[in-house]
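Dear colleague,

I am handing over the structure below, and after it you will find what turned up when I went through it. Please keep it open beside this message while you read.

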Amino acid sequence: MNLAGLFKRASEPSSVEVLRTASLGIDHRWPLAIAIPARDEEERVLACLQAVHSALMHAGSAGGIVFLVNNTRDRTYERAWRFLSFHRIPHCIVDVQFAPADAHAGMARCLALECAAALTETDGMMLTTDADSRADRDWVAGTIRTIGQGCDLVCGLIEAEPDEVGLLPAPMRARIALEQEYARLVLVLNGFIDVAEADRSPHQASACGASLGFRRNLYVDVGGMPAIPCGEDRAFVAAAIAGDWRVRYSSAVKVTTSCRIDGRAAGGMAQTLARRAANPEAECDDSLELASTALFRARARTAFQQHWRHGKPSGNLLEALSIDRADTDCLRLANRGGEAWGRIEDRSPRLKRMPVTPEGFLGELALLRRMVRSEHRRAV
């Protein structure tokens with residue numbers, strides 16, 4: 001496998017140096033590949049790989065593991081190599097040094113997945129998790145099963161490491177739990193309004209790189225994982241939705257991940273937790289929006305999808321979204337419904353995302369709960 005060629009898409013040749021590699025079983029493509037980026041994770045890497053190995057064995061899959069170590073200063077590479085070699089797991093381990101500007105989690109996951117895509121059969125599956133996470137025994141089998149039930153990308157449930165959760169300040173734990181409820185209720189609300197959305201699990205709403213599984217052809221179609229400093233996972237899922245790929249949030253596919261505040265990834269979960277620990281009144285998760293806007297967005301999206309299936313959206317719908325009828329270039333240039341809807345969201349002032357403030361959070365949560373109860377009464 002030509003590693004240098006794989007890296008050209010996401011990185012200038014001078015920004016990454018391949019220090020060493022090791023592999024087993026890469027003389028043929030795998031039906032399934034798991035990509036794991038890592039940096040200075042010698043204390044957690046064995047637990048991660050043991051869990052992934054167990055999940056592969058439980059699924060009876062002939063898949064392999066791509067383990068990409070970047071800018072590491074410890075023995076992460078050596079420990080991963082010893083484990084994978086000892087268990088004779090098909091693998092490709094790569095140790096790279098990124099230039100400072102590219103030494104971030106998004107680049108590492110991007111390149112790990114590029115290697116995985118090169119090793120995966122054309123109609124195969126790809127998964128990704130983090131080196132500080134432990135996949136559930138049913139993680140691989142559950143992903144395969146969920147995709148087999150009619151979706152293309154599975155966002156798994158992320159649970160925090162119980163021992164580490166207990167170390168967080170009590171007000172912070174309470175706030176995180178309420179924000180998770182808020183995100184879950186938005187999915188429930190969407191499910192009542194949109195039949196397609198109802199196919200998604202209402203138990204969680206995470207789009208996190210610690211647990212993503214998808215078809216390889218989806219990965220190729222959306223152009224791969226964005227090599228951005230943070231939020232690459234959400235951007236990837238958004239691109240899949242824009243491409244009309246079927247996304248499901250599954251609570252049956254689980255991963256336990258670290259909630260430490262001394263993490264390795266710039267802009268990652270650890271930095272967010274550290275900021276919140278220092279300031280209990282820190283801003284809410286930026287994925288949360290006002291309850292009234294979430295309800296309006298769900299209804300507008302459902303109406304748009306119905307119009308799109310039967311032609312172009314009507315002028316009345318565009319007017320309701322405060323989009324000038326003359327401003328329809330966004331629709332003429334879109335080949336897919338998800339792409340067209342994304343362009344409408346960008347142009348509609350009524351769909352502008354208004355973040356939930358800490359001061360107004362409890363009021364918005366109470367309103368969202370009432371909305372869900374109301375929609376539930378309508379549905380029964």
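Predicted model: local features only at pLDDT ≥ 70, side-chain atom pairs only at ≥ 80, totals over all residues.

**What was found**

The chain contains 15 helices and nine strands, and of its 380 residues 50% count as buried. Among the contacts in the chain with a separation of 6 or more, 79% are between residues 24 or more positions apart.

A second pair of this kind involves L119, which belongs to helix α4. L119 counts as buried, because its relative accessibility is 3% and the limit is 20%. Between L119 and I65 there are 9.6 Å in space, taken from C-alpha to C-alpha, while in sequence the two are 54 residues apart.

In soluble globular proteins, nonpolar side chains tend to be buried together. In this model the largest nonpolar core has 37 residues, and F98, L153 and F214 are those with the most contacts inside it. Helix α4 (residues 105-119) supplies the largest share of this core, namely 10 residues. Apart from that core lies another, of 34 residues, which includes I36, F83, L127 and I147.

Which residues does F214 touch, once its neighbours within four places in sequence are left aside? F214 is then in contact with L113, M125, M126, I147, D152, L153, Y219 and F236. Two of these names return in an aromatic cluster, which is formed by F214, Y219 and F236.

**Aromatic rings and charges**

The count of aromatic pairs comes to six. One of them is formed by F304 and W341, a tilted pair with 5.5 Å from centre to centre and 40° between the planes. Since F304 lies in helix α11 and W341 in helix α14 (residues 337-347), the pair ties together parts that are 37 residues apart in sequence. F304 is buried, because its relative accessible area is 2%, and W341 also counts as buried, at 8% relative accessibility.

Charged side chains are found over rings as well. R20 lies over the face of Y77, at 4.0 Å from the ring centre, and the charged end of R350 sits over the ring of F296, 4.0 Å from the centre of that ring.

On the α11 side, A291, S292, L295 and R299 take part in the contact, and they meet E364, L367, L368, M371, E375 and R378 on the α15 side. Sorted by class, the contact of α11 with α15 has five nonpolar residues, one polar residue and four charged residues.

With kind regards

Definitions and conventions:
Residues numbered from 1 in each chain as written. Heavy atoms only, no water. Contact = heavy atoms within 4.5 Å. Helix = DSSP H or I, 4+ residues; strand = E, 2+ residues; numbered from the N terminus. Nonpolar A, V, L, I, M, F, W, Y, C, P; charged D, E, K, R; others polar. Core = buried A, V, L, I, M, F, W, Y, C linked by side-chain atoms within 4.5 Å. Buried < 20%, exposed > 50% of the residue type's maximum accessible area, 1.4 Å probe, protein only. Phe/Tyr/Trp six-rings, centres within 6.5 Å; stacked < 30°, edge-to-face > 60°. Lys NZ or Arg CZ within 6 Å of the ring centre and 35° of its normal.
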